[in-house]
Amino acid sequence: MTTAEFLKAITESTGVSGYEKLVRGIVQEQFSAYCDEIRVDPMGSVWGIKRGTVGGRRIMLAGHMDEIGLIVKKIDRHVIRFTSVGGFDDRILPGQPVWVHGKTTMPGVIGMRPPHLMTEEERGKVIARDDLFIDVGLTEEQMADHVRVGDLITLRRGYVELKNGLAASKAMDDRAGVASIFECLQSLQGLHHQWDVYAVATVQEETGLRGAMTSAHGVQPDAAIAIDVTFARTPDTPEIGTVETDKGPGIARGPNIHPAIFEGLVETAKKLEIPYQTEAIPGRSGTDAWAIQVSRQGVPTGLLGLPLRYMHTPSETLALRDVERCGRLMAHFIAGLDESIIGRFRPSLPQE
Amino acid sequence: MKDTLKRLTEAFGPSGSEAQVRDLIREEISGLADNVTEDALGNLVAVKKGSGRRVMLAAHMDEIGLIISYIDEKGFLRFGTIGGVGTLGLLGTRVRFADGTVGVIGMEKQDDRSKVPDRASMYIDIGARNRDEVHLRVGDVACLDRPFVDGGSRVMAKAMDDRAGCAVLIEAMRRLDDCPHEVHFAFTTQEEVGLRGATTCAYCVEPEVAIALDVTMTGDTPKAPMNAVSLGQGAAIKVRDGGMLSHPAIKDLMVRRAEENGIPYQLEVLEGGTTDARVMQTSRSGIPTGVISVPCRYVHTPSEMIEMADAEACVNLVTALLVNDISL
Amino acid sequence: MEISFLQELSEARGPSGFEGEVRDLLARRLRGTVDDLSADTIGNLIAFRKGSGASPLRVMVSAHMDEVGLMIVGAESSGFLRFRAIGGIDPRVLVAKRVLVGKDRIPGILGVKPVHLTEASERRNVIKIEQLYIDMGAKNKEEALAAAPVGEFATFDTPFSYLEGHELGDHPHGRVAGKAFDDRVGCFVLASILDQEYPFDLYGVFTVQEEVGLRGAQVAAHAVFPDLAFALEGTVCDDSPKEDDLSPTTALGRGPAITIADASVISDRRLVDLLIDTAVAEGIPYQIKQPNIGGTDAGAIHLSREGVPSVALAVPSRYIHSPESVLDLTDLENTIKLLRAALGRLPSTWNTRQDQGRNQ
């Protein structure tokens, strides 16, 4: 399977935070082709372990495989009232096609009252989430047999390729990160690497970095890189704080990032002539890197960002080349790791 | 169970000052466990030994409360809150300090009566004539003061959150015999200020499976926030809340045990709020975690209401889980 | 008390994630005084002082090295730098201040439109951090980013100053002004108390990244695994004249501030009582910090592993998180005295039972 095929397969699969079972199956199967061992930890994160030539040292790569979704809050006669798992802009919801994962997986649509029947004033307002509902076509009598409180709902949108190597799908955040790890594992086949690689597809990032926190505790890595999506520039975003699509991954700097990892990634990118963009993050990065950095006695951590347009919508859009660049960058960074970087992880103290 | 619940809810125990509740629970569970310990943050853990799974059940002992921030010359006490105390219900409420001192909450003149008063405009009056008559100090804490009311099938009290959960655990301990698992009944501290006791307690216990017992809000009152949980409809099996998602296999196991044993239950999807389960789930390398909730109206007010039959269903669900195989 | 060292600490530059200069300063100071000095991978400096052996305890005392600061996030084509805050900064204190950019201390001005060109209505609006910029004199974007690349830090340019009426010497008193008293004053206290032996093993931990989420303390506490901990702070002091002065938080000159509860921790009551009892016995003034305000490294430390009984002790400081904070040297001296005495009185048996002390 190519990285693009893998990305299509996992983005079209299902895995709302806490319920990553289906997408996990694909990741397990595809990672196993390039890893020596596959494990699933207690929270459900997948570890693909690829042994190095020396071993003993571990680098953890983390991309999250969970996606945002909706969940049944109440059965209200013949419709479903819902809330979200992860952060949605409620304005994208009216008219959105969805899958309702009840007794069976059923297509549904997010409905609202016809605007024709609303007053001018009502039409000027954002529709509150509790005024929206999902219609799966069942009658009130049939509902109880098919849908229960707590059933999950996902966006019903497939993968589509756009011009110039761009692609759009739901759940690019952060299955694209998982795909870049897949790309990295493939690249590593042709490289020698001393360190053991723990390629981790984490769970529950969208509900508080919960899979990364627990996986990092279990893996106990010597260093880590998290791969997540980052904001790509569009006509409605500010220039400061965004990056450009198809200009290479963002390499993050700031308190969340160990300077030796930042510098190592930059050097590797320059050496391989992989384009990259520097991202400054003054505090909380909001990614798995934030949780991994403070695991146990601390983990030197880096963060790579895949430029992504329209985050947390059913059409998250990115350049496939950026995914490939990100994976190749990590692979060569890993191939360059030896004992010398360990000394650079602890700041040297003045001796006099 | 009702008598236990009355004693528990009337005890004093804002977050960080749980000693009275802890002592009371020690008495209630005396002889019911193989081992009882207390840790650095004041969590009380009672262990029933077994050769099966190591299971942690947690209910928090602490309740919301007030903390003195300033004592003025005339003897009025200004206060901050411990945990999420709504301002709306405070005026005229009585509060009680650890030494039994009772005060009433008063308020400065309000210029705009259409607004919810600001907590900063409120104070506690303990009947002191001046500062010298106040024997309390900045940093002393109070609980809301309200006796337990037995309405028959429905009861109300302060601190039902989460003494109801504590009562369920105690009752389960009483009824449990022949449990194959190593069960750690944890009565935790400081839940209301950030799930702090459970954080260190779960690290200590290192369970294979964890379950929190707490109250949950209902959607069955006039124009309540939309929520499918109702009083009297049985134990609530949590799917998610504002802080965590239950492990699907534990949620499914709970549903199965409830159905096998004819225990009334309802599924819970809560948008805000969370429980000790949030931090137990991410302890160390991660612990499969679920939550059983006692449906409760008027959470975080001095009169939290539950239905005894729901608490009974929670006890039955806990024991049904514990006496059977727990494989996920 | 060597106040010149406080000056060096205050003038050293180290926003969260960039604490190197402060760490080096402390390491040079403590080398030879302590039994071991090491740094961990996140950048904490851990100074170990072996105990006499009389007590089996392992005690951690922490103070954070980092300060709030700025991070460069880009530049305009005209050469002005754009930035965001590292840690909590009220943008209202930034307008028309001076900063030093990067390790090379490049001077920069936080520029603002002349008052003449502003509308009356405009002057009532808070200037947002997104609107502010740093002028280093760079002519264009390339020159600006060559000197201060994206991700570079900047700090307040604040020389330390002695205010009227101060006196130095063995018992300095009076007031001083400077940046970063939160928490370089804690670092000063910690460095001071490490000069003697205690009955127990003492880990003096100078932490990083407190201002962005108590992150250094979290990993240090996991590594040190102490029996109990003290977090030292330069804390909020809001004692300016107000109509109803119900909330000074702490007051300058009234002694060390003991935390019973803040937003991050409910202090262990035994440690609170130890500090209060010590202060009373030794005749050291003290104050109780008003509850629920702010957070400290104790918030992370007490939740480490199986739990660590912890308390926060602070030197009151006015105007923290601004370019100029003010503290009282007498408070500083009393904080050192109180901590030394309290550590000396610390019982050597310390069971885990949390006796709630006065509150129960």
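Trainee: What does Leu57(B) touch, leaving aside its neighbours within four places in sequence?

Mentor: Keep in mind that this is a predicted model. Leu57(B) is in contact with Leu169(B), Val183(B), Phe185(B), Ala186(B), Ile211(B), Leu213(B) and Val318(B).

Trainee: Okay, and which residues touch the most other members of the largest nonpolar core?

Mentor: That core has 214 residues, and Leu57(B) is one of those with the most contacts to other members, along with Val168(B), Cys314(B), Leu317(B) and Leu275(C). The top contributor is helix H3 of chain B, residues 160–175, which puts in nine residues.

Trainee: What's in the second core?

Mentor: It's separate and holds 105 residues, including Met65(A), Met213(A), Val229(A) and Ile86(C).

Trainee: Switching to chain A. In what order do the strands of the open sheet run?

Mentor: There are eight, going E1-E2-E12-E3-E13-E16-E14-E15, with mixed pairing. Strands E1 (37–40) and E15 (277–280) of chain A sit at the edges with a single partner strand each, so each has one side without a neighbour in the sheet. On average, neighbouring strands are turned by 25° against each other, ignoring direction.

Trainee: Which helix packs on E1, E2 and E12 of chain A?

Mentor: That's H2 of chain A, residues 21–32, and its direction makes about 5° with that of E2(A). Another one, helix H9 (residues 320–335) of chain A, lies across E3, E12, E13 and E16 of chain A, at about 165° to E16(A).

Trainee: And in what sense do E3 and E13 of chain A pair?

Mentor: Parallel, over four bridges. As an example of residues facing each other, Met60(A) stands opposite Ala224(A) in E13(A).

Trainee: Now the chains together. How many residues of chain C are in contact with chain A?

Mentor: 32 from chain C, against 23 residues of chain A. On the chain C side, helices H2 (20–30) and H5 (215–224) and strands E1 (36–39), E4 (69–75) and E5 (81–86) each supply at least two residues. By class, that side has 14 nonpolar, 11 polar and seven charged residues.

Trainee: Back to H2(C), then. Which of its residues are buried?

Mentor: Val22(C), Arg23(C), Leu25(C), Leu26(C), Ala27(C) and Leu30(C). Their cover includes helices H1 (3–11) and H4 (181–193), plus strands E1, E2 (45–49) and E12 (201–207), of chain C.

Trainee: What follows H2(C)?

Mentor: Gly32(C), and its phi is positive, near 95°.

Key: Residues numbered from 1 in each chain as written. Chains lettered and ligands numbered in written order. Predicted model: local features only at pLDDT ≥ 70, side-chain atom pairs only at ≥ 80, totals over all residues. Contact = placed C-beta atoms within 7 Å. Nonpolar A, V, L, I, M, F, W, Y, C, P; charged D, E, K, R; others polar. Core = buried A, V, L, I, M, F, W, Y, C linked by C-beta atoms within 7 Å. Buried ≥ 20, exposed ≤ 12 C-beta atoms within 10 Å, placed from the backbone. Pairing = 2+ DSSP bridges. Axes fitted to C-alpha atoms, helices over the stretch in contact; angles between N-to-C directions.
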